[in-house]
Amino acid sequence: MATTVAPTTLGAAVTRVEGREKVTGEAAYAYEHEIEGAVYAWIVQATIASGAVRRVDAARALRLPGVLGVLWHENAPDLGEVEDGELAVLQSRRVAYRGQIVALTIADSLEVARDAAALLDVAYEAEPHDVELRDDHPKLYKPPKVNPNFETDTEEGDVDAALARADVVVDRTYTTPAEHNNPLEPHATLAVWRDGGLTLYDSTQGAPRARDTIAAVFDLPPERVRVISPHVGGGFGSKGTPRPTAIAAALAAKHVDRPVKLAATRQQMFAFVGYRTPTIQRLRLGADAGGRLLALAHEVAEQTSTVREFAEQTAVPSRMMYASQTRRTSHRVAALDVPTPSWMRAPGETPGMYALESAMDELAIELGLDPIELRARNEPETDPETGLPFSSRGLVACLREGAARFGWERRDPTPGARRNGPWLVGTGVASSTYPARRAPSAAFARALPDGTFVIGIGAADIGTGARTVLLQIAADALEVPPERVRVEIGDSALPFAMLAGGSMGTTSWGSAIVRAIEALRERLAEHAGDLPPEGVQAQADTTEEIKAQERYARHAFGAQFCEVRVNADTGEVRVARMLGVFACGRILNPLTSRSQFIGGMTQGVSMALHEESVLDLEFGDYLNHDLAQYHVPVFADIGDIEATWIEEEDPHLNPMGAKGIGEIGIVGTAAAVANAVHHATGVRVRDLPIRLDRVLAGLAA
Amino acid sequence: MPHVTHFADVTLRINGADHALHVDTRTTLLDALREHLGRTGSKKGCDHGQCGACTVLVDGRRANACLLLAVTLDGVDVTTVEGLADGDALHPLQDAFIEQDAFQCGYCTPGQICSAVGMIEEARAGWPSAVTGDLTAAPALDDDEIRERMNGNLCRCGAYANIVPAIAQVAR
């Protein structure tokens with residue numbers, strides 16, 4: 001498919017459309033919409049990890065002045081069945097994990113609702129719980145598919161024989177902990193029932209899809225439900241689909257027949273809104289003396305809950321990343337008494353590429369080969385598993401460009417050889433990749449008599465800059481200045497569109513907008529005389545276009561470079577400098593794109609050094625469930641960090657010639673940091689995060 | 001002892017205007033702003049003083065509004081992000097944040113900006129930070145000083161690399 005939009009505004013560093021609203025505090029997020037008579041709900045969570053609610057005594061709570069109601073499984077309305085068992089809020093006495101919602105209190109003030117929650121007497125029948133993932137866990141099983149719809153296992157050639165004849169073999173196990181998305185805006189919903197219909201002001205990454213799911217839960221036709229979500233305070237996947245908070249708010253509003261506001265507390269966000277599964281990954285690489293891969297085996301153990309199966313696609317990037325004569329990938333999950341894991345920025349690629357790119361670094365060292373050269377020698381001509389041609393593949397170009405900018409050629413590969421006072425200094429590199437996809441979406445384009453245009457699409461801007469980039473796409477497709485275009489998003493009343501996820505928002509929505517504008521041009525060409533006051537409108541849907549598109553392996557690529565300082569006395573790791581170089585088709589807005597890349601890289605540094613949800617085995621709960629104990633980077637943790645990109649013309653993508661950029665920034669970052677730590681110290685930490693104690697244990701050994 | 005809710009009257013001075021409120025004594029300044037006065041600018045990210053999204057200026061000094069009880073602030077000057085612009089003219093920090101793309105989702109942004117306003121004043125008043133080298137000289141707000149002094153404001157989107165130059169543009 002040819003790139004059809006001639007870039008005028010596209011490619012320009014346009015500042016955010018909603019910038020003024022956000023810096024003045026006028027931008028209203030879900031909880032902040034003003035609705036007359038809204039009251040407050042508070043969530044009561046299970047204090048056991050497995051078992052059942054035996055009895056709920058609400059008498060004391062209900063006596064408290066200002067309390068409007070208490071809901072639990074015995075008096076909650078029946079809900080329709082949906083695939084996501086987490087949404088069956090208060091439908092059963094079973095407790096599947098500690099922190100699950102067991103009751104709601106509703107009151108005319110936030111303080112009283114919270115007080116009532118504390119007065120609620122909930123008795124349980126506790127059963128033994130099983131919350132610890134191990135790679136020999138008896139409950140590990142092979143899920144039918146891995147997220148979203150990949151084969152669970154793949155095998156090509158005789159891996160074991162190839163490993164046996166390889167000159168060099170690396171056989172290592174890497175682990176990543178549970179990590180929580182923690183968008184800064186908590187999951188929040190303001191639910192309003194009116195005339196039997198439901199309106200939700202919701203913090204969601206996709207209003208139309210949320211509308212359909214919530215309609216199914218409440219047995220309503222979708223047209224009786226509306227989800228409004230103009231601004232979303234981050235999500236990184238956890239707001240991709242409706243979470244129990246949205247259902248709870250609507251249940252509470254129905255119960256008291258008043259609009260109800262509900263927000264998860266920060267602590268509650270460690271229970272029922274999703275997180276990244278912990279992973280245990282065994283990587284085996286076998287190569288000949290020249291560094292060509294003969295075998296690549298990536299076997300993963302991870303967890304899901306008993307409520308819903310979520311199987312992260314952790315080994316999937318190993319299927320397309322490098323040429324190898326033989327290959328095996330597999331996923332096993334254990335359904336434990338834990339909250340359901342879900343999407344967190346680049347599910348699959350993020351933990352999987354940490355392991356693969358760490359193993360590649362270890363292999364390069366074993367071979368005495370430069371890690372960039374090792375990757376270049378294993379560059380496949382076509383997609384190794386499908387045999388499809390790559391629509392474009394900029395990995396080696398990114399590695400070479402990054403090497404030149406970072407000063408890689410001056411690097412002495414010897415580990416632990418550079419010291420500046422107490423600081424050991426080292427550098428590392430890793431590859432990044434992320435699929436470049438798009439999903440069916442619809443949009444309308446309307447021409448108004450005053451010469452302006454309105455574009456409508458059920459898209460979401462969760463901080464990506466989507467609203468701004470879609471305006472640029474529309475302006476260029478219309479061949480008018482952006483000042484004459486208004487883009488409406490964040491409302492399920494707008495045409496159905498892909499949610500903000502999988503790095504396919506802009507590509508999916510942009511395609512629909514371009515097609516709607518093409519349809520509008522045809523309508524306008526047929527139109528004679530002045531436009532009517534309501535304008536002329538056309539709508540387009542990309543379902544057929546996407547179904548009919550040519551078969552290519554479409555992926556974005558990148559290279560991450562990192563310099564660290566490691567304190568030899570304390571084990572403290574400081575990231576001195578980071579550079580990401582990306583090949584993502586055409587960059588539509590360098591300002592917001594750079595922010596996406598750097599934001600992803602910052603989260604990757606966080607994954608490498610800070611983030612770890614610590615499970616308390618006795619109580620089956622994530623212990624460090626707040627932002628004082630669950631560490632994310634602060635200003636002082638992020639110094640010199642830069643992202644850039646190479647020019648990439650790819651005619652096989654979409655009318656904009658763009659690949660999604662929302663996730664690739666985090667992919668590979670943790671491996672680059674870990675590889676740099678090894679180069680600095682000689683210590684290979686294979687369990688994230690790279691904590692002080694882990695570095696010190698290695699330095700002492 | 002019966003479980004009762006206590007109420008009290010308080011007059012909050014928000015951005016120069018007085019607001020008489022009758023509130024549950026447990027109401028925080030943050031909830032008073034958001035739930036009683038309909039203000040959207042002060043954000044609740046953690047309600048525990050750990051994220052900084054609710055940062056406001058109390059008598060000119062930055063504070064987490066989630067950690068202050070409204071009833072303790074009778075007659076005290078509170079400045080929120082809504083009080084920084086001069087009519088249609090944005091505060092220089094607000095302009096700088098837009099220009100440098102110093103936010104993504106925007107939820108931490110009002111707190112970042114209020115915090116930066118307070119931080120710049122602290123430095124002007126000569127307050128040192130943990131990274132100030134010469135404690136006898138007026139601290140210069142280089143990038144390390146800005147980072148150190150802004151550590152109380154989390155940005156989960158990872159916009160730190162753009163917030164620092166935005167603040168530097170105004171502070172230097």
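Which strands of chain A does helix α6 (residues 244-256) lie across? Helix α6 of chain A lies across β1 (39-45), β3, β5, β9 (188-194), β10 (197-202) and β12 (260-263) of chain A, and runs at about 35° to β9(A). This is a predicted model, in which local features need pLDDT of at least 70 and side-chain atom pairs count only at pLDDT 80 or more, while totals for chains, interfaces and linings use all residues. Residues are numbered from 1 along each chain as its sequence is written, and chains are lettered from A and ligands numbered from 1 in the order in which they are written.

**Terms for elements and angles**
- Helices (H or I, at least four residues) and strands (E, at least two) are DSSP runs numbered from the N terminus, and two strands pair if DSSP finds at least two bridges between them.
- Axes are lines fitted to C-alpha atoms, for helices over the stretch in contact, and angles run from 0 to 180 degrees between N-to-C directions.

**Chain A as a whole**
- Chain A holds 15 helices and 26 strands.
- Its radius of gyration (taken over C-alpha atoms) is 26 Å, close to the 27 Å that the globule rule gives for 701 residues, so chain A is as compact as a globular protein of that length; the rule is 2.2 Å times the number of residues to the power 0.38.
- Along the principal axes, the C-alpha atoms of chain A fill a box of roughly 75 × 75 × 50 Å.
- Of the 701 residues of chain A, 60% count as buried, where buried means that 20 or more other C-beta atoms lie within 10 Å of the residue's own, exposed means 12 or fewer, and partly exposed lies in between, with C-beta atoms placed from the backbone.
- Among contacts in chain A (C-beta atoms, placed from the backbone, within 7 Å) between residues at least 6 apart in sequence, 82% join residues at least 24 apart.

**The seven-stranded sheet of chain A**
- Seven strands form an open sheet with mixed pairing, in the order β3-β5-β1-β12-β9-β10-β11 (chain A).
- Its edge strands, each pairing on one side only, are β3 (67-72) and β11 (225-228) of chain A, and the twist averages 20° from one strand to the next.
- β3(A) pairs with β5 (residues 101-107) of chain A in the antiparallel sense over five bridges, and Trp72(A) stands opposite Ala103(A) in β5(A).

**The five-stranded sheet of chain B**
- An open sheet of mixed pairing has five strands in the order β2-β1-β5-β3-β4 (chain B).
- β2 (17-24) and β4 (61-64) of chain B are the edge strands, each pairing on one side only, and neighbouring strands are turned by 40° against each other on average, direction ignored.
- Strand β3 (residues 55-58) of chain B runs antiparallel to β4(B), joined to it by four bridges, and Val58(B) has Arg61(B) as its bridge partner in β4(B).
- Helix α1 (residues 29-36) of chain B lies across β1 (7-14), β2 and β5 (77-79) of chain B at about 105° to β2(B), whereas α3(B) lies across β3 and β4 of chain B at about 35° to β3(B).

**Backbone exceptions**
- Most residues other than glycine have a negative phi, and most peptide bonds are trans.
- A cis peptide bond with omega of about -10° joins Asn147(A) and Pro148(A), and Pro148(A) is in the loop between β6 (121-126) and β7 (154-156) of chain A.
- Glu479(A), which is not a glycine, has a positive phi of about 60°, and counts as exposed with 11 C-beta neighbours inside 10 Å.
- Asp101(B) has a positive phi near 50°, and counts as buried with 28 C-beta neighbours inside 10 Å.

Notes:
Two residues are in contact if their C-beta atoms, placed from the backbone, lie within 7 Å.
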